[in-house]
Amino acid sequence: MSKAAKPAYRCGECGWTTVKWVGRCGECQAWGTVEEAGARQGVHVVKPGAVSAPAVPIGQVKTEVVSSRTTGVPELDRVLGGGLVPGAVVLLAGEPGIGKSTLLLEAAARTASGETVLYVTGEESAAQVRMRADRIGAIEDRLYLAAETDLSALVAHVDKVQPTLLIVDSVQTIGSADATGVPGGVTQVREVAGNLVRLAKERAMSTVLVGHVTKDGTIAGPRVLEHLVDVVLHFEGDRNSRLRLVRAVKNRFGPIDEVGCFDLHERGITGITDPSGLFVSRHPEPVPGTCVTVTIEGTRPIPAELQALVGPTEAPQPRRTSSGLDSYRVAMVLAVMERRLNAKIGKCDVFTATVGGIRLTDPAVDLALMLSVVSAAGDQALPAGLVALGEVGLAGELRPVREVRRRLAEAARLGFTRALVPTGSLEEEGPRLEASASRGRLVALRSPTGRTTPFAPGFEVTEVENVWDALNLMRSSG
């Protein structure tokens, strides 16, 4: 006889198993996620069962039932890929007090003007939510409100109201009697989320779940929560600023690189359709240590200003501080400057930041970052009206970036007159444009017919190969 199978323990995050319980997963190093999975069983033969619907050729599947409908908030629709899809489950996560409940209450009121909406709050009382609704003007007859923390009571409200949109604020506060642990625990969150997803699919009911985040910014609870839902949105912003950004990190119905911009104020939250001027300072005269670039957020080009401050220090370890930029990317650009440009910044404190609280991860900002640090170190301002685009390589070369034409068009629309781009960027945009660029001289970008391009009359573009050419060009132009 074979030995009896020992009970196994499984990690709820990554699936790692062990024969005895441990407090920390040996694979993903997560705490408190290892639970008993029962005795190990042999392989069982599964008998055929009843099917919910017969399999059909993919070309015969009807798509009308999954067409999106608007939430009434254009910026939120942009991130969702056009709106909410019936039966879709959206997870909106963000820090406490960032404005998640205000945004969803605004969207619920807009949707309730034509459909039935159920808003379930587990963190606040119904009176508290009503006070917020009065403040932002979100009072609608078809917007139903319930304060519940039990999953069975929530399902009862859904049966009675029959909503087309369900909002649960938040999933970590809802508990189920069929699962062990306290609400917010790994087991409870997995059980509640699984039931809500199944409920949404069965009734073709759009569902939005509010999720908590940990101190490092990740979504609290098991990782399977993000796998269960259809869309994962991150709500972010600086507490000292009214600007809020919604980013899609997972979307089964649209792009995952779109960004929605919002203004959070005392009367609620308002979408910003044209955020181009929010991240650029207006200086009467050029200031040393500043350079403007144009980043692409989804389908939207956004000019952003980078600022740098360089100063000598007596400390054995100079400080490298960045705000709104990837610290590893900043360290790489500084290392390239020291090695390739012979920049003497090894014994200097270097502070870099973006204007307006925007976070830039686009590699196209490397050239602007380098020029701003060089400008700050030499205490010399860059030429007025300049934007810089380009990815800096470890060998000092400048690599082309995507969507150069759209970036330059947006910069020209805001009044910029000069642009610095890597060699080859314009040719990759198509044969309709060609640049008569020569190294070391600013020249106008023209079309093959000789007419000025749609950017703007007098808009000048220069293509450079590497960081040496870019630095020499700025010195000769300044």
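Residues are numbered from 1 along each chain as its sequence is written, and side-chain values use heavy atoms, with hydrogens and water left out. Because the model is predicted, local features need pLDDT of at least 70 and side-chain atom pairs count only at pLDDT 80 or more, while totals for chains, interfaces and linings use all residues.

Salt bridges were examined to begin with. A salt bridge is a side-chain nitrogen of Lys or Arg within 4 Å of a carboxyl oxygen of Asp or Glu. By this rule the model has 24 salt bridges. One of them joins the side chains of E35 and R190, at 3.3 Å from N to O. E35 belongs to strand β3 and R190 to helix α5 (residues 186-203), so the bridge ties together parts that are 155 residues apart in sequence. Helices (H or I, at least four residues) and strands (E, at least two) are DSSP runs, numbered from the N terminus. Both partners were then checked for exposure. Buried means under 20% relative accessible area, exposed means over 50%, and partly exposed lies in between (1.4 Å probe, protein chains only). E35 is partly exposed, at 26% relative accessible area. R190 is also partly exposed, at 28%.

A salt bridge also forms between the side chains of R132 and E124, with an N to O distance of 2.7 Å. Here R132 is buried, because its relative accessibility is 13%. E124 is partly exposed, at 21%. The side chains of R247 and E236 form another salt bridge, at 2.7 Å from N to O. This pair links distant parts of the chain: R247 lies in strand β10 (residues 243-251) and E236 in strand β9 (residues 231-236), 11 residues apart. R247 counts as buried, with 17% relative accessibility. E236 is partly exposed, at 26%. Salt bridges also join into a network, which links R329, D366, E391, E397 and R399.

Aromatic rings were considered next. Rings of Phe, Tyr and Trp (its six-membered ring) pair if their centres lie within 6.5 Å; planes under 30 degrees apart count as stacked, over 60 as edge-to-face and the rest as tilted. The structure holds 1 aromatic pair. F235 and F262 make up this edge-to-face pair, with 6.4 Å between centres and 85° between the planes. F235 is in strand β9 and F262 is in strand β11 (residues 259-265), so the pair ties together parts that are 27 residues apart in sequence. F235 is buried, at 3% relative accessible area. F262 is buried too, at 0%.

V210 sits in strand β8 (residues 206-211). V210 is buried, because its relative accessible area is 1%. Contact means heavy atoms within 4.5 Å. Leaving aside residues up to four places away in sequence, V210 touches L91, L92, K100, L104, V168, D169, S170, V171 and Q172. V168 is 42 residues from V210 in sequence, yet their C-alpha atoms are 6.2 Å apart.

V61 lies in the loop between β3 (34-39) and α1 (74-80). V61 is partly exposed, with a relative accessible area of 47%. Together with V56 and I58, V61 forms a nonpolar surface patch of about 320 Å² of accessible area. Patches are made of residues with over 30% relative accessible area and no salt bridge; like charges are joined within 9 Å and nonpolar side chains (Val, Leu, Ile, Met, Phe, Trp, Tyr) within 5 Å. Accessible areas come from the Shrake-Rupley method with a 1.4 Å probe; for residues, only the protein chains shown count as cover.
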